[in-house]
Amino acid sequence: MYFSDIVAQLKEGNFDFKEDAEYVFTIVKSKYKVAFDFSMAAIIVDGQVKKFGLSHFSDFSFKTTKSTQEGIEDSCSLLFAGEELFSMPESKMEMHKKLFSSLSELFTDDEQCSPKFQIDSMKNLYGIDFSEFGEQNTNKLLLLYKERFETIANNEFIKPNTKLLMFLEQDSGKISQNLGQTAKKNLKIGKLLGGGFSGLIETGIGLAKAAGSRMAQVLMNNFIGDKDIMLLTDKNVIVAKKETINEYDFDDAIDLFRSKQDEVLAGVVDIYDDCENLVLDNISQVDWNVFKTTLRKLRKESEHSSTSEESSVDAIEEIENKLMKLKSLVEKGLLSQEDFETKKADLLASL
């Protein structure tokens with residue numbers, strides 16, 4: 001079971017994935033935080049950090065201390081390897097006991113339960129080229145958007161050896177990030193996972209479908225990968241929304257998508273299709289400019305490649321015609337076999 005699947009079962013805490021964050025997942029409680037980096041876990045109490053292996057949640061235990069005063073509730077302490085971390089009235093410790101029991105049951109292996117294992121395994125499984133995609137984008141796509149990425153790859157929107165180049169995510173505009181954490185950008189697991197999977201949502205999100213584009217429905221886990229994203233590869237453009245995934249070639253994407261300055265945030269744009277349907281909102285103007293520039297470059301390279309291939313085919317056909325004419329001359333006795341072989345070698349060498 002991958003890290004993302006384990007987290008989805010916890011239904012506890014907050015999920016936060018920021019470029020400057022030390023941890024990829026954090027469960028926040030009143031007295032402590034349980035945090036996960038790419039290969040280990042940590043418990044943070046009053047600013048004190050204790051790191052440990054993912055299979056060591058069984059080292060946590062609870063100890064009840066009887067009250068010596070009448071009318072005062074017994075207290076319960078959380079211990080790690082016998083060391084007391086904090087205590088509270090026993091009646092308030094029940095949800096914490098359930099949490100650590102779940103953590104102990106789910107995180108059973110240091111390697112296979114880690115985010116790093118999930119990232120490495122998915123890279124090997126799908127054979128996608130992430131070399132130009134950047135570590136932050138790669139981690140985000142394979143952790144937060146695991147379900148959506150699997151749908152993209154399994155429907156062959158991305159094929160093995162495809163080079164992933166750019167990643168645009170809703171609400172990722174740098175100005176909007178500086179406004180602080182909002183309810184929109186902090187996903188509460190308890191609220192979002194209360195009903196489990198959202199089910200298969202009907203198609204028809206309003207995206208204009210250009211000629212040759214393909215679309216797939218998505219069975220989404222509402223906990224992670226909740227935002228709309230756009231991927232640029234060396235072969236196509238993919239718009240992956242919560243409900244659907246659409247694929248476009250370079251020509252269609254350039255003609256289809258355009259930006260509008262956000263009415264509230266400076267340096268931030270919203271992306272629309274040619275039918276004025278919102279595709280992505282709150283995207284950095286700089287990121288969108290780079291995206292469009294790279295897209296135009298890819299289209300130009302694609303056109304040049306197509307032209308070269310067509311020229312090569314034409315050259316081959318021309319040589320075939322010449323060889324047929326020469327062969328006819330040999331059959332008529334107007335050209336010796338030796339001269340034919342010489343001219344044939346010269347023509348083939350010109351390819």
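Is Phe107 buried or exposed at 1% relative accessibility? Phe107 counts as buried, because its relative accessibility is 1% (buried is under 20% relative accessible area, exposed over 50%, partly exposed in between, with a 1.4 Å probe and protein chains only). The views below come from a predicted model, where local features need pLDDT of at least 70, side-chain atom pairs count only at pLDDT 80 or more, and totals for chains, interfaces and linings use all residues. Residues are numbered from 1 along each chain as its sequence is written, and side-chain values use heavy atoms, with hydrogens and water left out.

**View 1. The whole protein.** There are 10 helices and 17 strands here (DSSP runs numbered from the N terminus: H or I of at least four residues for helices, E of at least two for strands). Of the 351 residues, 43% are buried.

**View 2. Phe57 meets Phe107.** The ring centres sit 5.7 Å apart with the planes at 40 degrees, so this pair is tilted (rings of Phe, Tyr and Trp, the last by its six-membered ring, pair if their centres lie within 6.5 Å; planes under 30 degrees apart are stacked, over 60 edge-to-face, the rest tilted). Phe57 is in the loop between strand S5 (48-52) and strand S6 (60-65), while Phe107 is in the loop between helix H2 (94-106) and H3, 50 residues apart. Phe57 also counts as buried, thanks to its 1% relative accessibility.

View 3. The structure holds 24 aromatic pairs. One of them is Phe25 with Phe36, tilted, at 5.7 Å centre to centre and 40 degrees between the planes. Phe25 belongs to strand S2 (residues 25-28) and Phe36 to strand S3 (residues 33-36), so the pair ties together parts 11 residues apart in sequence. Both Phe25 and Phe36 are buried. They belong to one aromatic cluster, whose members include Phe3, Tyr32, Phe52, Phe57, Phe100 and Phe107.

**View 4. Helix H3 against helix H5.** H3 (residues 115-126) and H5 (residues 146-154) pack at about 10 degrees, axes 12 Å apart (axes are lines fitted to C-alpha atoms, for helices over the stretch in contact; angles run from 0 to 180 degrees between N-to-C directions). That makes H3 roughly parallel to H5 (under 35 degrees; over 145 is roughly antiparallel, 65 to 115 roughly perpendicular, the rest oblique). Gln118, Met122 and Tyr126 in H3 touch Lys146, Phe149, Glu150, Ala153 and Asn154 in H5 (contact means heavy atoms within 4.5 Å).

**View 5. Lysines over rings.** Lys260 lies over the face of Tyr272, 4.7 Å from the ring centre (NZ of Lys or CZ of Arg within 6 Å of the centre and within 35 degrees of the ring normal). Lys327 lies over the face of Phe340, at 5.4 Å from the ring centre.
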